[in-house]
Amino acid sequence: MKEAIYPGSFDPITNGHLDIIERGVKIFDKVHIVVGRNMNKKCLFTDDERIRFIKECTAHLGDKVVIDSYDCLLVDYCDQVGVHTVIRGLRALTDFDYEFQMALTNRQLNEKVESVLLVSNIIYTYVSSSMVKEVASYHGDVSEMVPPNVLEALKEKYNY
């Protein structure tokens, strides 16, 4: 069975993330969507909320996805679950620079880890969780950027 890990903070999950997940399950038999804790980011949603959003958004994929969280180095998580292929999405050239560095670092830390970079669908190249949160905080329309369950949670968080 070919499996891959799609890590991220997913704060919140966006339609761009979902596009990468749905394309990932066409390539791999199973995709582990893992919510990581990034000490450099202050999250709007709790780990449990982010995991719930992902479960709701990917329910139609059934057992092709596994949702989990981790609070260690990604390469250590890879060893823990026995999956050493990592999926990452690329929206722009700046993403490539970051993901290239991350892929090389992960490979240096654990030679079993391979990275697969998927180019974003053009309609999501501008969408990021940070952008979604900023627009939503000013009560802007993010309905095209996030799934309905996340849209409702954002409206509740930002009281609109």
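This is a predicted model: local features need pLDDT of at least 70, side-chain atom pairs count only at pLDDT 80 or more; totals for chains, interfaces and linings use all residues.
**View A. Strand 1, helix 1 and strand 2 together form a right-handed β-α-β unit.** To trace the unit yourself, follow strand 1 through residues 3-8, then helix 1 through residues 15-27, and finish with strand 2 at residues 30-36.

**View B. Strand 1 and strand 2 run parallel.** How many bridges join strand 1 to strand 2? There are six. To find one of them, look for Tyr6, whose bridge partner in strand 2 is Ile33. Strand 1 is also mostly covered, with five of its six residues buried. While you look at the strands, here is a handy general point: side chains in a regular strand alternate between the two faces of the sheet.

**View C. The peptide bond between Asp11 and Pro12 is cis.** Its omega angle is about 0°.

**View D. His139 has a positive phi although it is not a glycine.** The angle is about 65°. You will find His139 in the loop that lies between helix 5 (129-137) and helix 6 (148-157). Is His139 buried, exposed or partly exposed? With a relative accessible area of 42%, His139 counts as partly exposed, because that class lies between the 20% and 50% cut-offs.

**View E. Asn159 is another residue other than glycine with a positive phi.** Here the value is near 55°. Asn159 belongs to the segment after helix 6. Its relative accessible area is 66%, and anything over 50% counts as exposed, so Asn159 is exposed.

**View F. The largest pocket has a volume of about 1200 Å³.** Elements giving two or more residues to its lining include strand 1, helix 1, helix 3 (74-81) and strand 4 (85-90). Which element provides the largest share of the lining? Helix 4 does, with eight residues; this helix covers residues 93-109. In general, rolling a probe the size of a water molecule over the atoms shows where empty space is left.

**View G. Gly8, Lys41, Arg88, Tyr98 and Glu99 lie nearest the centre of the largest pocket.** They belong to a lining of 43 residues. Sorted by class, the lining has 18 nonpolar, 15 polar and 10 charged residues.

Definitions and conventions: Residues are numbered from 1 along each chain as its sequence is written. Side-chain values use heavy atoms; hydrogens and water are left out. Buried means under 20% relative accessible area, exposed over 50%, partly exposed in between (1.4 Å probe, protein chains only). Helices (H or I, at least four residues) and strands (E, at least two) are DSSP runs, numbered from the N terminus. Two strands pair if DSSP finds at least two bridges between them. A crossover is right-handed if, with the strands pointing away from the viewer, the path from the first strand over the helix to the second runs clockwise. On a 1 Å grid over the protein atoms alone, a cavity is a set of points where a 1.4 Å probe fits but cannot get out, and a pocket is an open set with protein on both sides within 12 Å along at least five of seven lines; lining residues have an atom within 4 Å of a point. Grid points are joined across faces, edges and corners, and a volume is the space filled by probe spheres set on the points. Ala, Val, Leu, Ile, Met, Phe, Trp, Tyr, Cys and Pro count as nonpolar, Asp, Glu, Lys and Arg as charged, and the others, Gly among them, as polar.
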